[in-house]
Amino acid sequence: PEVKEVFKLMVPRSLSLGLGEIENTVTLFFASSLSAGSISLLNLALQLMYLPSRIFGTTVGQASLPILSKNIARNELDNFRQTVNKILLQSLFVALPVTVIILVQRLSIVRLLFGSQEFPWSATLTTARILAFLTPAILCQAIIQILIRAFYALHNTKIPFKVSFISLLINVLTSFILVTYTSLGVIGLAISSTVGNITQLVGLFVYFIKVVDGFEWIKTLKKINRMLFASLIMGFSTWVSIKFLDLFILDTTRVIPLVIVFSISSIFGAVSYIFISHQLKVDEIKDYYRFILKIQTIFKKNLNQIFSARK
């Protein structure tokens, strides 16, 4: 029976992976009908978007699957709700500031990674604009991957497939409309990709609430609002520091000053985010602080073992 269930769960999951490849193919199809270079610029922006999405979305979702499955196997539905809620908040605590940083620093990121004599300034501006419209997808993917694993823990792979299929249709329809009937060009494809991700996020949340009810949504939303406020303050602080350093101190037309401005402004923004989060009493900052202390303790213990072995 267990083997039969594996195959039963595997089919919708395999189809979901196929939908992802279809979506990428359709996006490239529409991009190929645009001006020369559109496919390359879109691919560059998508890679910049997928990197943090995979770090904070896919990896966290995969790591959370065993403990979520254990909660369901033990019929601990309350613990399952609390675990999903905690993982979502911890992921948002990191994903929100990362999304804001990428949005504010998008031009610097593109210049540092791809800026060269062979990569003209117009291409840099276009790639940065595409990335700006793709940044909401980073936040969406951070939540989507966790919700998908929560459904997998519930032995339900049909709902993620249905939602992915609907989001694919919305993405294709939006791409067709924006490319055919507007002058947005490749920016329209970025917008349609973000719309598809938002559709998938909303769909998974709606189904998740129906399947697993009992969340303290008001309390959770208050925490998310505090994180969002801290992220907005961080974004403003980062933007102000960029403008100040660029206008009065460093010439960012060169690589080294650009790296310095990017580093200082990002650090300043991160410090402001941590400070505001601490002032607003965001609980997740304590979780990461305990995690850092744990890593530090393990590191010191390993060093002591190494030195003892040498003696």
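Colleague: Before the details, what should I know about how the values were made?

Modeller: This is a predicted model, where local features need pLDDT of at least 70 and side-chain atom pairs count only at pLDDT 80 or more, while totals for chains, interfaces and linings use all residues. Numbering runs from 1 along each chain as its sequence is written, and side-chain values use heavy atoms, with hydrogens and water left out.

Colleague: Thanks! How many helices and strands does the protein have, and what counts as one?

Modeller: Helices are DSSP runs of H or I with at least four residues, strands are runs of E with at least two, and both are numbered from the N terminus. On that basis the protein has 10 helices and zero strands, in the order α-α-α-α-α-α-α-α-α-α. Its C-alpha atoms fill a box of roughly 65 × 65 × 45 Å along the principal axes.

Colleague: How do you know that the span of α8 agrees with its number of residues?

Modeller: The expected span is 1.5 Å times one less than the number of residues. Helix α8 (residues 217-248) has 32 residues and should therefore span 46 Å, and its end C-alpha atoms are 46 Å apart, which agrees.

Colleague: And what are the values for α2?

Modeller: Helix α2 (residues 38-73) has 36 residues and reaches 48 Å from its first C-alpha to its last, close to the 52 Å expected. There is also a bend of about 45° at Arg54 in α2; the bend is the angle between axes fitted to the seven residues ending at a residue and the seven starting there. Just after α2, Asn75 takes a positive phi of about 60°.

Colleague: Happy with that. Why is Ser53 called buried?

Modeller: Buried means under 20% relative accessible area, exposed means over 50%, and partly exposed lies in between (1.4 Å probe, protein chains only). Ser53 has a relative accessible area of 4%, so Ser53 is buried. Ser53 lies in helix α2.

Colleague: What does Ser53 touch?

Modeller: Contact means heavy atoms within 4.5 Å. Not counting residues up to four places away in sequence, Ser53 touches Thr58, Ala137, Ile138 and Gln141. Ser53 and Gln141 are 88 residues apart in sequence, with their C-alpha atoms 5.8 Å apart in space.

Colleague: Why is Leu139 called partly exposed?

Modeller: Leu139 has a relative accessible area of 23%, so Leu139 counts as partly exposed. This residue of helix α5 is in contact with Leu92, Ala95, Leu96 and Thr99, leaving aside neighbours within four places in sequence.

Colleague: Then what makes Thr99 buried?

Modeller: Its relative accessible area is 10%, so Thr99 is buried.

Colleague: What about Ser277: buried or exposed, and why?

Modeller: Ser277 is at 0% relative accessibility and therefore counts as buried. Ser277 is found in helix α9 and touches Phe93, Ala230, Val282 and Ile285, not counting residues up to four places away in sequence. Ala230 is also among the buried residues of α8.

Colleague: Now the loops. Where is His155, and why is it called partly exposed?

Modeller: His155 is found in the loop between α5 (121-153) and α6 (158-181). At 47% relative accessibility, His155 counts as partly exposed. Its phi is positive, about 60°, although His155 is not a glycine.

Colleague: And why is Lys281 called exposed?

Modeller: Lys281 is at 66% relative accessibility and so counts as exposed. Lys281 sits in the loop between α9 (255-279) and α10 (284-310), with a positive phi near 60° in a residue other than glycine.

Colleague: To finish, what do the totals for the protein look like?

Modeller: Of the 311 residues in the protein, 41% are buried. Among contacts with a separation of 6 or more, 80% are between residues 24 or more positions apart. The protein exposes about 17700 Å², and carbon and sulfur atoms supply 67% of that; accessible areas come from the Shrake-Rupley method with a 1.4 Å probe, and for residues only the protein chains shown count as cover.
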